[in-house]
Amino acid sequence: MIGAVRTWLTSVAAVTLLLSVVQTLTPEGAMRKIAGFTGGLVLLAALLQPLLGTDLSRLRLDFPDYQREIEARAAELDAAGKASLEGLIEERTAAYISDKADALGLDIKARVDTEPGADGTPVPHSAELEGPYSGELAAWIAQELGIPTERQVWHEGKN
């Protein structure tokens, strides 16, 4: 590999040196312009020689594998996004319940679990509450958050 790069650089340097000599020895006028143009083409060929000699039949672009990789990464990102959204909804809903409990004068610690809704978006499904039972708070949770009383678990006396 290094030998090929050395050969390529040597050929580019030799062509550049040869073109400089030809440019210096060519008289002013149309002949010099033609020599400069031709020399530029020769230098371009020397620069592109590694690409021109490349065997493109060995180049393998496996688009189906790339597509599978993209789909796998998209699925991973989607799962991570849903998990993050679930955690955020659980955390904020629990804080919302705690704020309402504080407004009612109750000392409640809440934990909320979510499940996917009809459209796949996580929605609050159940609540676990530590503190004295409050019918008013239980009814509020059922009405405002859609968590019926049968999915509310109260642990009294563990607060």
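Exposed means over 50% relative accessible area. The legends below describe close-up views of a predicted model.

**View 1. Ala118, in the loop between strands E1 and E2.**
Ala118 has a relative accessibility of 94%, so this residue counts as exposed. Its place in the chain is the loop that lies between E1 and E2.

**View 2. The salt bridge of Arg111 with Glu128.**
The side chains of Arg111 and Glu128 meet at 2.9 Å, N to O. Arg111 belongs to strand E1 (residues 109-116), and Glu128 belongs to strand E2 (residues 122-130). The pair therefore ties together parts that are 17 residues apart in sequence. Arg111 is partly exposed, at 43% relative accessible area. Glu128 is partly exposed as well, at 28%.

**View 3. Arg68 and Asp65 in helix H3.**
Arg68 and Asp65 form a salt bridge. Their closest N and O atoms are 2.0 Å apart. Both residues lie in H3 (residues 63-103). They are 3 residues apart, about one turn of the helix. How exposed is Asp65? Its relative accessible area is 31%, so Asp65 is partly exposed.

**View 4. Lys82 and Asp78, also a salt bridge.**
Here the closest N and O atoms are 3.9 Å apart. A salt bridge requires a side-chain nitrogen of Lys or Arg within 4 Å of a carboxyl oxygen of Asp or Glu, so this pair counts. Lys82 and Asp78 are 4 residues apart in helix H3. That spacing is about one helical turn. Lys82 is partly exposed, with 40% relative accessible area. Asp78 is partly exposed too, with 45%. By the salt-bridge rule, the count for the model comes to 7.

**View 5. Helix H1 against helix H2.**
H1 spans residues 2-25, and H2 spans residues 30-52. Their axes come within 9 Å and cross at roughly 180°. How do H1 and H2 run relative to each other? Angles over 145 degrees count as roughly antiparallel, so H1 and H2 are roughly antiparallel. On the H1 side, the contact includes Trp8, Val12, Val15, Thr16 and Leu19. Val22, Gln23 and Thr24 are also among the H1 residues that meet H2. Among their partners in H2 are Arg32, Ala35, Gly36, Gly39 and Val42. Leu43, Ala46, Leu47, Gln49 and Pro50 also belong to the H2 side. By class, the contact has 11 nonpolar, 6 polar and 1 charged residues.

**View 6. Helix H3 packed on helix H4.**
The axes of H3 and H4 (residues 135-145) are 11 Å apart. The packing angle is about 140°. H3 is therefore oblique to H4. Which hand does the crossing of H3 and H4 have? The crossing is right-handed. H3 contributes Thr93, Tyr96, Ile97, Lys100 and Ala101 to the contact. H4 contributes Leu137, Trp140, Ile141 and Leu145. By class, this contact of H3 with H4 has 7 nonpolar, 1 polar and 1 charged residues.

Note on methods: Residues numbered from 1 in each chain as written. Predicted model: local features only at pLDDT ≥ 70, side-chain atom pairs only at ≥ 80, totals over all residues. Heavy atoms only, no water. Axes fitted to C-alpha atoms, helices over the stretch in contact; angles between N-to-C directions. Helix = DSSP H or I, 4+ residues; strand = E, 2+ residues; numbered from the N terminus. Parallel < 35°, antiparallel > 145°, perpendicular 65-115°, else oblique. Contact = heavy atoms within 4.5 Å. Nonpolar A, V, L, I, M, F, W, Y, C, P; charged D, E, K, R; others polar. Buried < 20%, exposed > 50% of the residue type's maximum accessible area, 1.4 Å probe, protein only. Left-handed = near helix turned anticlockwise from the far one by under 90°.
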